[in-house]
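Student: I would like a close look at one part of this structure, the place where the chains meet. Please go through it slowly and say how the chains are arranged.

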There are 4 protein chains.
Amino acid sequence: MADTLAAIREELSLANRILAHEGIVDAFGHISVRHPGDPGRFLISRHRAPALVAPADILEYTLDTEPVHPTTFRHYGERVIHGCIYQARPDVMAVCHHHAPAMMPYAISRAAMVPVYHLGASMGTRVPFWDSRDDFGSTALVLVKPEEGRSLAKALGNASTILMGRHGATAVGTSIRECVFRTIFSCKNAELQTQARLLGHVEPLDAKEVELAAAYNLRPGPLERAWDYWAQRVRDAEARVAAAPKAAAARKPAKAARKTPAATRKRKR
Amino acid sequence: MADTLAAIREELSLANRILAHEGIVDAFGHISVRHPGDPGRFLISRHRAPALVAPADILEYTLDTEPVHPTTFRHYGERVIHGCIYQARPDVMAVCHHHAPAMMPYAISRAAMVPVYHLGASMGTRVPFWDSRDDFGSTALVLVKPEEGRSLAKALGNASTILMGRHGATAVGTSIRECVFRTIFSCKNAELQTQARLLGHVEPLDAKEVELAAAYNLRPGPLERAWDYWAQRVRDAEARVAAAPKAAAARKPAKAARKTPAATRKRKR
Amino acid sequence: MADTLAAIREELSLANRILAHEGIVDAFGHISVRHPGDPGRFLISRHRAPALVAPADILEYTLDTEPVHPTTFRHYGERVIHGCIYQARPDVMAVCHHHAPAMMPYAISRAAMVPVYHLGASMGTRVPFWDSRDDFGSTALVLVKPEEGRSLAKALGNASTILMGRHGATAVGTSIRECVFRTIFSCKNAELQTQARLLGHVEPLDAKEVELAAAYNLRPGPLERAWDYWAQRVRDAEARVAAAPKAAAARKPAKAARKTPAATRKRKR
Amino acid sequence: MADTLAAIREELSLANRILAHEGIVDAFGHISVRHPGDPGRFLISRHRAPALVAPADILEYTLDTEPVHPTTFRHYGERVIHGCIYQARPDVMAVCHHHAPAMMPYAISRAAMVPVYHLGASMGTRVPFWDSRDDFGSTALVLVKPEEGRSLAKALGNASTILMGRHGATAVGTSIRECVFRTIFSCKNAELQTQARLLGHVEPLDAKEVELAAAYNLRPGPLERAWDYWAQRVRDAEARVAAAPKAAAARKPAKAARKTPAATRKRKR
């Protein structure tokens, strides 16, 4: 179990950096995984930008989003999104919440998002739309209360991606890799749908095509091929930085200017 | 005070490079901060592109935009934007003026800019529009006279972002970090609004949502998380260059071709 | 022949990485070349993302898409696209299949793609549209059966680029370099056509202009100039990574987290 | 003169790489400068992509576009664009021809390009449109005959930028730096105009604003500030590559695969 947990921490932290490198998340957004040995727990980074997440940042929570181990780290405010979906959906092993620029226009305009190419089929035929106003009126839009998380999970139902009005989107998967694949290709699908719409017509996949194409592309082969590609891209980018640790250190701002030493000191280069 | 000033210079120069790295400013645009110990002064870089600003480039000005210390450096032509806003708004501690490609279409088309997602709420409900033609007729569009700066500050009123017709935008903040956060996420908001409009409908946040979401996101936690992310991105990019100082030096053009030695000689790598 | 084959493997693997670096392919898409000494065979990478392809990844197939040499490597599912086109078109020496974001909106909207500038003329006057629904009804959209490949090759006819409904596009050439040139500039042409359409009018080249401009730009001079440029870009990017082999190695995830060791172990960096 | 010529070669080769790095030119496009000591000659690179141009690539031509010194290098096909403009416009010291993606939609749609912000004013109030069909009927669109160059120069008149139907654009300047500044900011202006148009309205600068803003921004101060910025960006990118010369060399393809040794062997990296 210890070995498996270490591997999961590595994979989840890499998933964070992949999503950042592919432009899905920026300073905000997060991805979690259900605990491999205890379905009543999940793992997610402490409060920090996905691009900066290292294995040591991964914390453990109960599905009620209480930290399992005491920590001085700050937590993500929206971790109820994860806990509530794991509670409602025993089949879900990974959850990603983001505000990707490709998908946000659909969350703002309420235009329906549909699969327009075989790789976009991985998001499923139906993408439900959840609006915090329906159950909670005017809020800060972020989900911080358990009832908000439960409302979202209910709206998600058995779908695999959900749009959140004026806020973002959330995708689920049966593994970290499937969740990352679905998230990235759903965003590409959204970009393509927008462009096709500007050309005057959107011809979506039919239901049978969605089903067949999703089954084809979510097999281990394509999932691994895409994961290897994204992983190599982020590692290449990091290798370039790693080549110059001393030079980088020499350019660090003076201590007095650094308000968040804890946040950066732990980063392993 | 000496320590604080050094830290402020570091932070302001980093803010310059963050704004450049995130695509908000290019060769032009600038960000300033009110002097931490004297509300009658502000700090801003000498005349140079934000991407190149180092702590030693930061100069001190009175609110009438006179340099406090004699210098042979060239000054920004538009520093009245900063001085006049600091005079009119005692609550403002930082000012950023830019021509970001995301926001310019609104400055050109006069389409109203509205918060369309929680992070965009940081720009406030109302974004006033200022047109140099109204008070000054046909000009070079840049603001170089005190009366132009005062006219802009008056139009800004108690808002936190203002559009400037056929020219750009200016944002203010209660700190450098808040000002950078507001500037970057207002630009992302503008991009998303444009895309949503192309999809046929823009559903903005309501006034209560703007207020709640702005309050949530401008807390120290989210501000630091975003700042750490942007700072790391720019430092990573700079570390890559710093790894090859000799090679870089070897490719410098012949002296005869360099017309601006002072501008580049001072840059610390 | 051994020397030539080694050179072809180098060139084909470089073509893969060029197409990835220029944003034509991502985790998916592939390019092949007909065997220089045996027109009944073709060469294409084993199943992996084009950005990662090295000469040792290039495998040999018959035109019936059977591997010539036994291998434990996984194969591309869609290699019938290549085999069937080589069977139908003796003049074709290279084939590229992709889902480039510039061209996909045309594959989704069925808007006609036309040459709008001299470099886009390289795709030819006529770009046929093939829809898997016509011959096969609802499928997973990918082409994995010989009859699917033959249907596509028939629709291609004597054209040099074909759109594939809700899926992608395929381009052919009389050499790897011509195929890469046509693919990249057809995608740029598609982007420009989309933007011109948004401005209200698309004025295409007339048939004579297409013929003359294609002949001019597909001469060895322009082909080499473009190839040298793209090759240098990808080599520069790779050189940056190669500068830090140890640092990169130090950041590899723990073994337990790596599900696809074979896929990455062979990569020479 | 020898010193000056060496400096001009350095500056022109840097201008080439700046234009490539800022996305104005790709494999194609070129920039020239009038000979500093002989107004009857001009300097331009031999036939190669601008990103790869080094000082040793710069050749000298008469205004009839004949090479001054014998050379085995290949020449640009379209150098009549440069020679004919230098003949017609004694005030012009630099010429840039490109197919920038920002400006091409205007060359394809014939939509009028207008200055929409102060920096775009540098392209002038009037941007003429030249169509090769008017004087020459259906051609390959490229300008290779003296009469084609003269026709373009006549259409340019006393303007500083001209659109070329289904082909590209050409800009002139009183110096390399002014020409580069005008080219880059005209392209940014085109992008902003397109986006404003999508928002529903384009409010251009009035004639007086164009005149004043152009005069303000084309002064030495802003020109140098922008040049320093672009030069630093391209040098930073090159420094990253220069850090790994051995690693890069180790990845060169086998000799047999290299068809253009002369083109790459001379490149100093």
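**Where the chains meet**

Tutor: Lys188(A) and Asp26(C) are joined by a salt bridge between their side chains, with 3.7 Å from N to O. The model is a predicted one, and the numbers below are computed from it.

That salt bridge belongs to the boundary of chain A and chain C, where the rule finds five salt bridges. Residue pairs in polar contact, both residues at pLDDT 80 or more, number 10 between chain A and chain C. Four helices of chain A, namely α1 (2-21), α6 (176-199), α7 (207-217) and α8 (220-242), each give at least two residues to the side of chain A that touches chain C. Of what makes up this side, α8(A) gives the most, with 14 residues. Sorted by class, the side of chain A that touches chain C holds 22 nonpolar, five polar and 19 charged residues.

Next comes the extent of this boundary. The contact involves 46 residues of chain A and 53 residues of chain C. About 4,400 Å² is buried between chain A and chain C, and 63% of that lies on carbon and sulfur atoms. Within chain A's share against chain C, Leu199(A), Arg225(A) and Tyr229(A) supply 20% of the buried area, more than any other three residues. The size of an interface is often given in this way, as the accessible area lost when the parts come together.

Chain A also meets chain B. Here 47 residues come from chain B and 53 residues from chain A. Chain B and chain A bury about 4,400 Å² between them, with carbon and sulfur atoms giving 63%. The three residues that supply 20% of the area chain B buries against chain A, more than any other three, are Leu199(B), Arg225(B) and Tyr229(B).

Between chain B and chain A the count of salt bridges is five. In one salt bridge, the side chain of Arg166(A) meets that of Glu209(B), at 3.0 Å from N to O. The helices of chain B that each supply at least two residues of the side touching chain A are α1 (2-21), α6 (176-199), α7 (207-217) and α8 (220-242). On this side of chain B, α8(B) gives the most, with 14 residues. By class, the side of chain B that touches chain A has 22 nonpolar, five polar and 20 charged residues.

How are chain A and chain B placed relative to each other? Chain B is superposed on chain A by a rotation of 90°, with 0.0 Å of shift along the axis and an RMSD of 0.0 Å. The two copies are thus related as by a four-fold rotation axis. In chain B, Arg240(B) has the C-alpha nearest that axis, 4.3 Å from it.

Why do the copies meet through different surfaces? Only 11% of the interface residues of chain B are also interface residues in chain A, so the surfaces through which the copies meet are different.

Strand β2 (residues 41-45) of chain A is joined to β3(A) by five bridges, and the two run antiparallel. Opposite Arg41(A) stands Thr62(A), in β3(A).

Notes: Residues numbered from 1 in each chain as written. Chains lettered and ligands numbered in written order. Predicted model: local features only at pLDDT ≥ 70, side-chain atom pairs only at ≥ 80, totals over all residues. Heavy atoms only, no water. Contact = heavy atoms within 4.5 Å. Buried area = accessible area lost by both parts, 1.4 Å probe. Salt bridge = Lys/Arg side-chain N within 4 Å of Asp/Glu carboxyl O. Polar contact = N/O pair within 3.5 Å; in protein donor to acceptor, adjacent residues only side chain to side chain. Nonpolar A, V, L, I, M, F, W, Y, C, P; charged D, E, K, R; others polar. Least-squares fit on C-alpha atoms with pLDDT ≥ 70 in both. Pairing = 2+ DSSP bridges.
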